[in-house]
Amino acid sequence: MAENKIPLKEMKEWKALEAHYAAIKNTHLRELFAADPKRAETLAVDALGIYFDYSKQRLTTETIKLLADLAEASGLRKAIEGMFTGEKINITEGRAVLHTALRAPRTAKVMAGGENVIPLVHEVLEKMEGFADKVRAGQWKGHTGKAIKNIVNIGIGGSDLGPVMAYEALKNYSQRGLTFRFVSNIDGTDFAEAVADLDPAETLFIVASKTFTTQETMTNAATARDWTLAALKDKAAIARHFVALSTNAAKVSEFGIDTANMFGFWDWVGGRYSMFSAIGLSTMIAIGPDNFRKMLAGAHEMDEHYRAAPFAGNLPALMGLLGVWNNNFLGAASIAVLPYEQYLKRFPAYLQQMTMESNGKRVTLDGRAVDYQTSQVYWGEPGTNGQHSFYQLIHQGTKLIPCDFLAFSSPAHKLGRHHDLLMANVFAQAQALAFGKTAEELKKEGVKDWLIPHKTFEGNRPSTTMLLEELTPAALGKLVALYEHSVFTQGVIWQIGPFDQWGVELGKVLAGRIAPELEAAAAPDLKHDASTNALIRRYRAARG
């Protein structure tokens with residue numbers, strides 16, 4: 001049972017923020033910059049190779065002080081230590097939350113259930129490295145003696161979004177002689193398209209399911225097994241063409257996978273926080289063990305920063321607190337994550353699960369209904385594509401949408417003017433959002449009076465720009481950990497539990513009841529609501 005806390009809106013630190021917001025809410029960013037020539041230096045943090053410029057957020061140094069006070073009063077420092085030291089902070093499932101242990105060095109000591117988990121983590125990492133090296137070197141042979149050339153990761157949720165995001169993000173570091181595909185959707189099209197041009201004799205399936213019972217994953221895995229056996233004709237082939245990321249040895253063996261090729265993880269690793277565990281096997285095969293270790297090291301560096309830095313200069317805490325300010329005081333219901341790096345095209349989708357599955361909660365840890373907003377909606381696309389799509393709404397629409405701009409000083413590919421133009425766009429978009437363009441400025445440019453309202457930009461749209469040197473494995477590790485800990489910061493402030501996800505369960509249960517009714521030979525006795533009954537009957541009629 002969670003300890004009872006003072007309700008958030010009754011805390012004096014919250015009330016101080018409310019009073020502060022009332023005092024500055026009508027102040028435009030143009031005024032804030034004009035009043036403080038050093039604002040751009042004061043409201044920026046340069047740490048861990050990330051230049052975090054939040055000077056274009058609608059706040060002052062006093063806002064940051066008050067937010068830091070709220071974090072202190074909310075017990076954030078104690079909560080961080082509880083997470084890092086293995087306390088069972090996932091109270092509804094009675095589990096520790098130790099994804100940080102996945103990237104801790106061999107010399108660390110982290111206790112869970114009376115056991116130091118670090119040796120277990122490194123044992124699995126070493127097993128992954130041995131297997132990855134064999135596949136990369138062509139030494140892991142399929143059933144017919146051919147080397148593996150195609151790797152298909154089958155998972156869903158965190159067992160898919162993390163690996164596919166990391167593969168796309170670090171594609172420039174991948175072994176190009178290997179083909180990687182990712183299957184998650186139970187829609188058969190996903191599997192059919194993933195294997196359409198692959199040779200079963202050269203294809204390895206990585207089946208990622210902790211329990212080996214996840215409906216979508218195991219349905220796709222069974223189809224993969226049928227596809228493999230249709231070509232190779234021998235059940236013994238399964239042991240050479242399938243490996244498992246699971247903890248259920250009995251189910252893995254029953255499927256036909258050699259348990260020697262089962263890579264385990266633990267109940268203190270949540271799915272959306274699992275990309276640094278065995279779930280990252282496809283990533284390790286793609287980029288190699290050395291680069292995977294660099295990614296872990298980058299995440300660990302951010303972990304240590306989060307654990308030690310004062311909140312006002314602590315990147316994850318600051319990011320989380322900015323989200324609280326924009327969400328709960330400015331009323332911004334969503335946030336756009338806009339990477340100006342094509343390799344990060346799947347990063348917003350990855351963050352959607354991490355943020356919204358974590359903090360999309362309506363009750364506090366002690367079971368009280370909240371009377372304030374929790375998670376924002378996270379979404380986004382790479383720049384400059386988004387500029388020709390939804391930026392119109394961000395600039396001139398009626399909704400306030402804060403933006404996270406991610407950019408890198410050094411390009412992955414040096415092609416003509418491309419990178420300078422890319423960077424010009426990211427800087428220009430943040431500038432335009434903040435300062436806009438006034439009617440007076442347009443009039444001076446000779447714009448006709450009737451057109452001025454259409455060409456006026458209100459500005460005062462908040463954003464943060466994060467500038468890194470280049471997208472490396474270490475940089476990706478830092479960015480992932482940055483957002484992970486930002487989510488935790490917000491969960492602590494909102495007094496909710498970020499590490500369970502009961503909201504996904506009801507739909508699963510109902511789907512489990514409906515599926516047999518769709519497949520039954522005789523018309524079933526339907527006992528759902530009228531709409532669901534009608535849809536089931538219509539579907540059955542269409543299927544004949």
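**Overall architecture, nonpolar cores and selected local features**

The protein chain carries 59 positive and 59 negative side chains, and the centres of the two sets are 3 Å apart. In this count Lys and Arg are positive and Asp and Glu negative, while His and the chain ends are not counted; each charge is placed at NZ of Lys, CZ of Arg, CG of Asp or CD of Glu. The model is a predicted one, in which local features need pLDDT of at least 70 and side-chain atom pairs count only at pLDDT 80 or more, whereas totals for chains, interfaces and linings use all residues. Residues are numbered from 1 along each chain as its sequence is written, and side-chain values use heavy atoms, with hydrogens and water left out.

The protein chain contains 22 helices and 13 strands, these being DSSP runs numbered from the N terminus (helices: H or I, at least four residues; strands: E, at least two). Its radius of gyration is 25 Å, close to the 24 Å given by the globule rule for 544 residues, so the chain is as compact as a globular protein of that length. The radius is taken over C-alpha atoms, and the rule is 2.2 Å times the number of residues to the power 0.38. Along the principal axes, the C-alpha trace spans about 75 × 60 × 60 Å.

Of the 544 residues, 53% are buried; the term denotes under 20% relative accessible area, with exposed meaning over 50% and partly exposed in between (1.4 Å probe, protein chains only). Among contacts with a separation of 6 or more, 73% involve residues 24 or more positions apart, a contact being heavy atoms within 4.5 Å.

The largest nonpolar core comprises 122 residues, of which Trp268, Ile285, Phe347 and Leu476 touch the most other members. Such a core is a set of buried Ala, Val, Leu, Ile, Met, Phe, Trp, Tyr and Cys residues joined through side-chain atoms within 4.5 Å. Helix H20 (residues 473–494) provides the largest share of this core, 12 residues. Another core, of 21 residues, lies apart from it and includes Phe212, Ala221, Val252 and Ile257. Within the largest core, Ile285 is one of the residues that touch the most other members. Beyond its neighbours within four places in sequence, Ile285 is in contact with Phe131, Ala132, Val135, Arg136, Ile151, Leu178, Phe180 and Ile206.

Several loop residues were examined individually. Val117 occupies the loop between strand E4 (115–116) and helix H6 (118–136) and, at 2% relative accessibility, counts as buried. Its contacts, leaving aside neighbours within four places in sequence, are with Ala101, Val110, Ala112 and Trp268. Val117 and Ala520, 403 residues apart in sequence, are separated by 47 Å from C-alpha to C-alpha. Glu202, in the loop between helix H8 (188–195) and strand E7 (203–208), is also buried, with a relative accessible area of 17%. Apart from neighbours within four places in sequence, Glu202 is in contact with Lys146, Ala147, Ile148, Lys149, Asn150 and His241. Asn248 is placed in the loop between strand E8 (242–245) and helix H11 (249–255); its relative accessible area of 24% makes it partly exposed. Asn248 touches Lys210, Thr211, Phe212 and Met262, not counting residues up to four places away in sequence. By contrast, Ala530, in helix H22 (residues 530–543), counts as exposed at 65% relative accessibility.

Most residues other than glycine have a negative phi, and most peptide bonds are trans. Leu48, which is not a glycine, has a positive phi of about 60° and lies in the loop between strand E1 (44–47) and strand E2 (50–53). Gln495 likewise has a positive phi, near 65°. Gln495 is located in the loop between H20 and helix H21 (505–519), and with 8% relative accessibility it counts as buried. A cis peptide bond, with omega of about 10°, joins Gly383 and Thr384; Thr384 is found in the loop between strand E11 (377–379) and helix H16 (391–396).
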